Amino acid sequence: MHKAIPVCGDTWWVGVNDHETDLFESLWALPQGVAYNAYVILGEATVAIDTVKGPCFDDYIDKVEHVLGDRSLDYLVVNHMEPDHAGVIHQLKRRYPGVRFIGNAKTLPMLKGYHDIDADIVQVKDGETLDIGGHVLAFYTIPMVHWPESMVTCDTTTKTLFSNDAFGGYGAHEGGLFDNEKTRERWEGEMLRYYATIVARYSGMVQTALKKLAGLEIERIFPAHGTLFQHDVHQVVELYDRWSRHETECGVVVAYGSMYGNTRRMADAVCRGICEGGVKNVHLYDSSRDEPSLILRDIWRYRGVALLGCTYNTLLFPPLDALCTKLINRMPKKRYLGIAGSYSWSKGALDALRAFAEAVKLERVGPEVEVYASPTDADLEQCVLLGKNMAAAIGACPAR
Ligand code: FEO
């Protein structure tokens, strides 16, 4: 039997570590798995906060039963209806038929659509509270972080914010649940990768949410994925603030798409130029082989991005084109962009990258480089110049 873990007084973690799913949303690699954090609070009434993904029900319900023992479950707070958190609601109702569902107006049609549930619902408004005896819960909507119905629940008694996707990260728990039980490098990297892939598009709404929640007295943040924060609460809010304001570190991502190595040589030359320009933090990615979420994570982290692609059937090489589409979707700002293309029997790549640059509206760094067949020495010098100009644009990196 799987056992729940006490995380704060009579609040328990009943989440699941998923090492079976290889792609989150069938898109993003999970080399270290992913955790669906869910919780139970034992007040005079019993409250579950969020659930887990469908296939994880057995593991989850073991833990819920372990905490509740002979007690029934009185409420389930549905902070978010995406099925990684709401996947087992109808099964939970079957196990605890008296349970009532707490959600906001936008939760209700989804609860009906996904689980055919339209009764036993407690609809809450923004800022409304519920006294469960021993704990007072307050509910705040945070639309588009990451769906329209998303909300957070604050246990005002223990000063714990159950933040759902907000402040969440990839990676299953390996022993410790808390920030002070892991290295910051471990949780921050996976948290930024989650932000870049899942939340970044809605950065403006993250800012709105942070402002709304700023007045709350919070000592702990328990998200629905990844690390639970009780030590670095201030730092983690600061990170979210920076990422959602598009603040970046000194560094450049160079991503390329190359079939036979010629565009790769151009990318190498751009990297050389960046280094010669005094920036040590250069990250070279092959769009055909490297995990897109890592490329997106580093683009969200750093101030410069250079994209170099060959032409494929008169268009941009498909893996790099896919990366461009992902970037347009996430609307990054306050970064510098350099582009270069290559071609043989037909042009196409550089035109497509120009169209991308127009769409993404990042500040441009030249020169644009376009190479026929294999780069000449003069072509490579242009690529080095692009790298140097990028380094100059993003400014000198602080000494470490
Ligand atoms: Fe982790 Fe938007 O679900």
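Visitor: Where is the place of Cys-383?
Guide: Cys-383 sits in helix 12 (residues 377–394). Helices (H or I, at least four residues) and strands (E, at least two) are DSSP runs, numbered from the N terminus. Before we go on: this is a predicted model, where local features need pLDDT of at least 70, side-chain atom pairs count only at pLDDT 80 or more, and totals for chains, interfaces and linings use all residues. Residues are numbered from 1 along each chain as its sequence is written, and side-chain values use heavy atoms, with hydrogens and water left out.

Visitor: OK. Does Cys-383 count as buried or exposed?
Guide: Cys-383 counts as buried, because its relative accessibility is 0%. Buried means under 20% relative accessible area, exposed means over 50%, and partly exposed is in between (1.4 Å probe, protein chains only).

Visitor: Which residues is Cys-383 in contact with, leaving aside neighbours within four places in sequence?
Guide: Met-266, Ala-269, Val-270 and Val-369. Contact means heavy atoms within 4.5 Å.

Visitor: And what separates the C-alpha atoms of Cys-383 and Thr-21?
Guide: A distance of 40 Å, for two residues that are 362 residues apart along the chain.

Visitor: New topic, helices. At what angle do helix 5 and helix 9 pack?
Guide: At about 95 degrees, and their axes are 8 Å apart. Axes are lines fitted to C-alpha atoms, for helices over the stretch in contact, and angles run from 0 to 180 degrees between N-to-C directions. Helix 5 and helix 9 are therefore roughly perpendicular to each other. The cut-offs are under 35 degrees for roughly parallel, over 145 for roughly antiparallel, 65 to 115 for roughly perpendicular, and oblique for the rest.

Visitor: Which residues meet there, in helix 5 and helix 9?
Guide: From helix 5, Glu-188, Gly-189, Leu-192, Arg-193, Tyr-195, Ala-196 and Thr-197; from helix 9, Ser-293, Leu-294, Leu-296, Arg-297, Trp-300 and Arg-301. Sorted by class, this contact of helix 5 with helix 9 has six nonpolar, three polar and four charged residues. Ala, Val, Leu, Ile, Met, Phe, Trp, Tyr, Cys and Pro count as nonpolar, Asp, Glu, Lys and Arg as charged, and the others, Gly among them, as polar.

Visitor: How many residues of helix 9 are buried?
Guide: Eight of the 10 residues of helix 9 (residues 292–301) are buried, so this helix is largely enclosed by the rest of the structure. The buried residues include Ile-295, Asp-298 and Trp-300.

Visitor: What about helix 6 and helix 7, at what angle do they cross?
Guide: Helix 6 (residues 203–213) and helix 7 (residues 233–244) cross at roughly 140 degrees, and their axes come within 9 Å. Helix 6 and helix 7 are therefore oblique to each other. On the helix 6 side, the contact is made by Ser-203, Val-206, Gln-207 and Leu-210; on the helix 7 side, by Val-237, Tyr-240, Asp-241, Trp-243 and Ser-244. By class, the contact of helix 6 with helix 7 has five nonpolar, three polar and one charged residues.

Visitor: Now aromatic pairs. How many are there?
Guide: The count comes to 15 aromatic pairs. Rings of Phe, Tyr and Trp (its six-membered ring) pair if their centres lie within 6.5 Å; planes under 30 degrees apart count as stacked, over 60 as edge-to-face and the rest as tilted. In one of them, the ring centres of Phe-24 and Tyr-170 are 5.4 Å apart and the planes are at 80 degrees, so the pair is edge-to-face.

Visitor: Where do Phe-24 and Tyr-170 lie?
Guide: Phe-24 is in strand 4 (residues 23–24) and Tyr-170 is in the loop between strand 15 (160–164) and helix 5 (184–199), so the pair ties together parts that are 146 residues apart in sequence. Phe-24 and Tyr-170 are both buried.

Visitor: Which residues do ring pairs link into a cluster?
Guide: Phe-167, Tyr-195, Tyr-240, Trp-243 and Trp-300. Phe-167 lies in the loop between strand 15 and helix 5, and its phi is near 70 degrees, a positive value in a residue other than glycine.

Visitor: Last one: which peptide bond to a proline is cis?
Guide: The bond from Gly-366 to Pro-367 is cis, with omega near 0 degrees. Pro-367 is in the loop between strand 22 (363–364) and strand 23 (369–372).
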